[in-house]
Amino acid sequence: MTTSGITSITTNSNLLLKSILNIAGICGTTQVPEADDMTLAREFMNDIIKRWQENGCELWSVREASLVLLPNQGIYDFTASTTVCAEGLKRTTLSANLAASATAMTVADGTQIADEDNVIVRLDDGTLHQTVTNIAPTGNVVTLAAGPASLATSGNAVYAFPGSKIKYPLGIAKAYFNTTTNFDQQVEIIGLDEYYDISNKLQAGTPTVCHFTRKNEQSSIYTWPVYSGRIGLLKILYRRQLEIMNAATDTFDFPQQGLLPLKLLVASMMALIYEYDQKSALLEKKGAALEERFFKDLEATTSITITPDFGDYV
């Protein structure tokens, strides 16, 4: 007897919604769902996903990212264009001066940069030049889409990463100061009151503590002492947002074990809308039990849990 060899469930937003409406008794398996039902079920589905996000997310929602530290800056707002924090961020240095407006950049290690990467160059004035690569590097020579506004001296840091910067984190589990590939110095995460007890918040040096704060759609990291060098990063293990399912072909952003409780809970809400009260209560009971089991199983198999009250909310 042979098995499929497939271990992952393949589905998408619309397939999930059709299954949910079928479970709720609103739409048969051979019927075409009403657009209004699909819209309402999608809204309920995304509401539950966001509730899970606030319920205490396990290791599957925690990732590593690197924040580029700026000289004499202690507060990094994740919505600010000058804040660079990304997953997969790589670092090298300039091996020759990069003049203002120049687009041919020579670095110490061209293998750290790929075609169409986002490239960040630390300028001598302390600001960051943000651009992209036009073509794959030739050896250690990188062609930039746009040159910097001012000089960057040989030895200054160059960072590269694919994709986009991270969206605002929901929490921070660990933080490390990093200046070289293989050395991380742990940074203590402190509360808001401890941060405000620091008298000179602009004292220069190497960061030893940081504070994370979150408010609605915005979050910030406060570091102390403020960094004064040219190549430093703050590496963080951060709790990311769970992505909702908007488009018909969007897939799920959580372990597949959560699919069944999600279906039952949304079906319960849809059945209630249609006044199938008895069915709604039964679906809610089964869905809640599976949801509880889902989170307990995740907690038992992961080593990091970040709960909703992690950090301070202001």
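This is a predicted model: local features need pLDDT of at least 70, side-chain atom pairs count only at pLDDT 80 or more; totals for chains, interfaces and linings use all residues.
Who is the partner of D297? Its side chain meets that of R293 in a salt bridge, at 3.2 Å from N to O. R293 itself is exposed, with a relative accessible area of 54%.

K296 and E292 join their side chains in a salt bridge, 3.4 Å from N to O. Being four residues apart in α5, which covers residues 277–301, they are separated by about one helical turn. E292 is partly exposed, at 46% relative accessible area.

How many salt bridges does the structure hold? Seven. One of them links K235 and D184, with 3.2 Å from N to O. K235 belongs to strand β17 (residues 233–239) and D184 to strand β11 (residues 183–186), so this pair ties together parts that are 51 residues apart in sequence. K235 is buried, at 15% relative accessible area, while D184 is partly exposed, at 36%.

Now to some helix packing. Helix α1, residues 13–23, packs with helix α4, residues 259–273, at an angle of about 55 degrees, and their axes are 8 Å apart. That angle makes α1 oblique to α4, and the crossing is right-handed. On the α1 side the contact includes L16, I20 and I23, and on the α4 side L264, V266 and M270 are among the residues they meet. The contact residues comprise nine nonpolar, one polar and one charged.

Thanks, everyone!

Key: Residues are numbered from 1 along each chain as its sequence is written. Side-chain values use heavy atoms; hydrogens and water are left out. Axes are lines fitted to C-alpha atoms, for helices over the stretch in contact, and angles run from 0 to 180 degrees between N-to-C directions. Helices (H or I, at least four residues) and strands (E, at least two) are DSSP runs, numbered from the N terminus. Angles under 35 degrees count as roughly parallel, over 145 as roughly antiparallel, 65 to 115 as roughly perpendicular and the rest as oblique. A crossing is left-handed if the near helix is turned anticlockwise from the far one by less than a right angle, and right-handed if clockwise. Contact means heavy atoms within 4.5 Å. Ala, Val, Leu, Ile, Met, Phe, Trp, Tyr, Cys and Pro count as nonpolar, Asp, Glu, Lys and Arg as charged, and the others, Gly among them, as polar. A salt bridge is a side-chain nitrogen of Lys or Arg within 4 Å of a carboxyl oxygen of Asp or Glu. Buried means under 20% relative accessible area, exposed over 50%, partly exposed in between (1.4 Å probe, protein chains only).
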